[in-house]
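Reader: I am new to reading protein models, and I would like to learn how to look at one feature after another. Could you take me through this one slowly?

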Amino acid sequence: MTKSNSEIHRLSSDELRSYVIESYDSIAKEWDISRSDNRASFFLLRDRISKGSKVLDIGCGNGRLFPFLRDEFNVSYTGMDNSKELIEIAKKRYPEASFEVADALALPYEDETFDFVTSFAVLHHIPGELNRQKFVEEITRVLKPNGKALITVWNVFQPRYIKYLKWRRLKKIFNLIPKKNPEFSSQDALIPFGKNKVPRYVHGFTPNELSSLVHSPLGIDEICFTTKEEKMKRWKKTYNLCLFVTKK
């Protein structure tokens, strides 16, 4: 998979979604090495999940959340991701867990199946407002009544991200990228990863935008802001926006 930034900027919504899958398949081994530990943000779940819960992990990647949930809560765990390469890594590492390749916008599960849904750093890789709304609708559908979910996304102002937004705007001024592709908003950027600097599509969020995706029967419990290790009071100083919801 070799696409330039200029080529990626010309992709339609469906093509861009396919590109996101291709890009993660191509960087799966490198991504796995860089995400081999339990992330500090998992601490957010400690007072939220009941022991024995049925949990869906959307965008599970290499399955790194599974051992934390197993050891802390003894949950019934299902992990899904649209990258077949990452799912293969997860299956080999944790053969006792359930993993499958699936589309977050068309989850292959019955209505009201799960007590808790987690989605760490996935929604910001989904292009287009309508697709992001569909993502939250699918979470709503598969949650049981009184079920809960945690969705985390990148803050549009996080230090690692904003420099790429500024660079993209500068390139747009000088006509170095297409101006009229509606799939790319002012909060979108292509961020390189790995030794081959594979561009990853990312949509940075504000708290208001994230909360606007929540509609009945979901209700917002909390929006919090985190660095890699702790909660912060001011969202513009943080890396991640974290949304807790409950299905009424």
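Reader: How many of the residues of strand β6 (residues 188–193) are buried?

Author: Buried means under 20% relative accessible area, exposed means over 50%, and partly exposed lies in between, with a 1.4 Å probe and protein chains only. In this predicted model, five of the six residues of β6 are buried, so the strand is largely enclosed by the rest of the structure. Helices (H or I, at least four residues) and strands (E, at least two) are DSSP runs, numbered from the N terminus.

Reader: To which strand is β6 joined, and how do the two run?

Author: Strands of a sheet pair through backbone hydrogen bonds, either parallel or antiparallel. Two strands are said to pair if DSSP finds at least two bridges between them. Here six bridges join β6 to β7 (residues 198–203), and the two run antiparallel, with Pro192 standing opposite Pro199 in β7. The two strands form a hairpin with four residues between them, and Gly194 in the turn has a positive phi of about 80 degrees.

Reader: Which residues have a positive phi although they are not glycines?

Author: Asn74, with a phi of about 50 degrees, is one of them, and Ala121, with about 55 degrees, is another.

Reader: In what order do the strands of the open sheet stand?

Author: Eight strands form the sheet in the order β3-β2-β1-β4-β5-β10-β8-β9, and the pairing is mixed. β3 (98–101) and β9 (231–232) stand at the edges with a single partner strand each, so one side of each is left without a neighbour in the sheet. Helix α5 (residues 129–142) packs on this sheet, touching β1, β4, β5, β8 and β10, and its direction makes about 150 degrees with that of β5. Touching, or contact, means heavy atoms within 4.5 Å. β2 and β3 run parallel and are joined by four bridges, and Asp81 stands opposite Val101 in β3.

Reader: At what angle do the axes of α2 and helix α4 cross?

Author: Axes are lines fitted to C-alpha atoms, for helices over the stretch in contact, and angles run from 0 to 180 degrees between N-to-C directions. The axes of α2 and α4 (residues 84–93) come within 7 Å and cross at roughly 35 degrees. Among the residues that meet there are Tyr24 and Trp31 in α2 and Leu86 and Ile89 in α4.

Reader: Which residues lie nearest the centre of the largest pocket?

Author: Rolling a probe the size of a water molecule over the atoms shows where empty space is left. On a 1 Å grid over the protein atoms alone, a pocket is an open set of points where a 1.4 Å probe fits, with protein on both sides within 12 Å along at least five of seven lines, and lining residues have an atom within 4 Å of a point. The largest pocket is lined by 46 residues, of which Trp31, Phe120, Ala121, Val122 and His125 lie nearest its centre. α2 gives the most to this lining, with six residues.

Reader: What should I keep in mind about the numbers and the model?

Author: Residues are numbered from 1 along each chain as its sequence is written, and side-chain values use heavy atoms, with hydrogens and water left out. Because the model is predicted, local features need pLDDT of at least 70 and side-chain atom pairs count only at pLDDT 80 or more, while totals for chains, interfaces and linings use all residues.
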